[in-house]
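Dear colleague,

I am passing on the structure we spoke about, and my notes on it follow below. Please read them with the coordinates open beside you.

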Amino acid sequence: MSVFDHAEFDNHEHVAFYHDEASGLSAIIAVHNTHFGPALGGCRMWPYINSTEALTDVLRLSKGMTYKAAMANIALGGGKSVIIGDPRRQKTPEMMEAMGKFVDSLGGKYFTAEDSGIAVTDLKSMAKHSEYIAGVDAQYHYAGETPDGNPAPSTAYGVFVGVKASVEHGLNRSLEGVTVAIQGMGHVGYRLAQHLRNAGAKLFVADIYPEGVEKAVKELGATAVAPEDILSLDVDVLAPCALGSAINDQTLPLIKAKVIAGAANNQLAREEIGDLLVERGILYAPDYVINAGGIIDIYHQRMGASSNNALKTHIEEIGATLKLIYQRAEQENCATSRVANAMAEERFSNKG
Ligand code: NAD
């Protein structure tokens with residue numbers, strides 16, 4: 001199938017395919033839009049069944065990055081790269097170095113960072129051959145934490161700011177005493193729990209693995225909940241911080257929270273779920289707006305001289321952006337997810 005006829009093709013500016021026989025690398029880079037600046041988007045390594053599946057993913061994800069960058073007020077465009085292969089079995093330093101050469105061959109039109117299957121060490125291998133590698137020097141971290149380049153602390157802080165703004169708008173109150181159910185105690189979910197606990201929220205947490213949950217119970221006074229019960233808990237806020245599609249046709253009728261605000265990408269299983277949330281009176285924080293802290297961190301890494309304060313202030317804009325979306329959604333009686341898309345399109349189209 002031609003790229004131009006592909007269902008996910010959306011006027012992408014540049015799609016490049018690369019194969020390196022020596023290391024076994026097969027990869028695709030898609031640059032969706034560079035109206036605001038060079039495209040940024042992580043590199044994902046995944047055991048795609050075939051190159052068609054990989055192409056579908058890279059076209060879809062790179063488009064999403066344009067929307068995310070536009071709503072995060074950063075001078076970057078959207079792009080993404082995918083490597084075909086199982087990161088646990090097939091990834092080698094040589095393959096990562098070859099990926100660095102591939103990224104470099106686009107001459108700065110695209111720069112990459114972490115995504116599923118790619119760690120900071122892999123990016124460091126890529127960086128041997130290209131200056132267009134980000135995500136190896138994260139700016140924001142907590143006292144006692146060693147920054148390793150992973151942007152999760154910034155993502156978590158942005159989600160926290162977003163939960164606060166959503167609770168202010170939707171429930172007209174501060175976070176003191178608010179009950180929050182967090183699905184997923186991973187890199188972002190656990191740090192979000194720390195922020196919320198410090199702000200006086202009452203936490204309910206779940207994960208399919210016990211470590212993060214046990215730590216949250218012990219250190220943050222959280223209540224452990226079974227993974228199958230977390231979405232239907234009678235709480236003020238639901239924060240999906242695990243995998244995508246948490247809000248779907250099966251889970252939607254069970255949700256009792258009045259606010260959904262969490263880190264996970266692609267939380268709505270399909271677009272129309274956004275409309276159904278409006279009908280149910282549930283305020284939804286569009287995922288790519290609330291989870292933009294990581295990309296904002298990476299942007300500041302590229303700025304070099306940017307201070308921790310400038311980064312923090314920038315991440316805090318997520319709250320104001322969400323409130324703008326909520327106000328417009330009310331005025332237009334429209335789903336917040338649709339309003340976010342419309343606002344992003346207005347922003348990057350006007351620049352074109
Ligand atoms: P992570 O892998 O560290 O954490 C996810 C956690 O969710 C894991 O502990 C996993 O065991 C748990 N989980 C999986 N399925 C579950 C289920 N059914 N019920 C309960 N728990 C479950 O990932 P992360 O870096 O914390 O990211 C979390 C989400 O946020 C992902 O969707 C990711 O794409 C998104 N996100 C992350 C970043 C970032 O900076 N890390 C940035 C933007 C978006």
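**Notes on the model**

In the hairpin formed by strand 1 and strand 2, where 4 residues lie between the strands, glycine 24 adopts a positive phi near 85 degrees. Please keep in mind throughout that this is a predicted model.

As for the overall layout, the protein is divided into domain 1, covering 3-126, and domain 2, covering 152-348, and the centres of the two domains, taken over C-alpha atoms, are 26 Å apart. At the interface, 19 residues of domain 1 are in contact with 22 residues of domain 2, and the area buried between the domains comes to about 1,800 Å², with carbon and sulfur atoms giving 70% of it. Of the area that domain 1 buries against domain 2, Tyr67, Lys68 and Met71 supply 41%, which is more than any other three residues.

The polar side of this interface may interest you as well: the rule finds 0 salt bridges across it, whereas it does find 8 residue pairs in polar contact between domain 1 and domain 2, with both residues at pLDDT 80 or more. Helix 1 (residues 51-71) contributes 8 residues, the largest share of the side of domain 1 that touches domain 2. Sorted by class, that side of domain 1 has 13 nonpolar, 4 polar and 2 charged residues.

Turning to the other sheet features, there is an open sheet of 6 strands, with parallel pairing and the order 9-8-7-10-11-12. Strand 9 (223-224) and strand 12 (283-284) stand at its edges with a single partner strand each, so one side of each is left without a neighbour in the sheet. Strand 12 runs parallel to strand 11 (residues 259-260), to which it is joined by 2 bridges, and valine 259 stands opposite leucine 283 of strand 12.

Finally, what is the count of salt bridges by this rule? The count comes to 17, and one of the pairs is formed by the side chains of aspartate 57 and arginine 44, at 3.4 Å from N to O. This pair links distant parts of the chain, with aspartate 57 in helix 1 and arginine 44 in strand 4 (residues 43-46), the two residues being 13 residues apart. Aspartate 57 thus lies in helix 1, the helix that also gives the largest share of the side of domain 1 touching domain 2.

With best regards

Methods. Residues numbered from 1 in each chain as written. Heavy atoms only, no water. Domains from an automatic or database assignment. Contact = heavy atoms within 4.5 Å. Buried area = accessible area lost by both parts, 1.4 Å probe. Salt bridge = Lys/Arg side-chain N within 4 Å of Asp/Glu carboxyl O. Polar contact = N/O pair within 3.5 Å; in protein donor to acceptor, adjacent residues only side chain to side chain. Nonpolar A, V, L, I, M, F, W, Y, C, P; charged D, E, K, R; others polar. Pairing = 2+ DSSP bridges.
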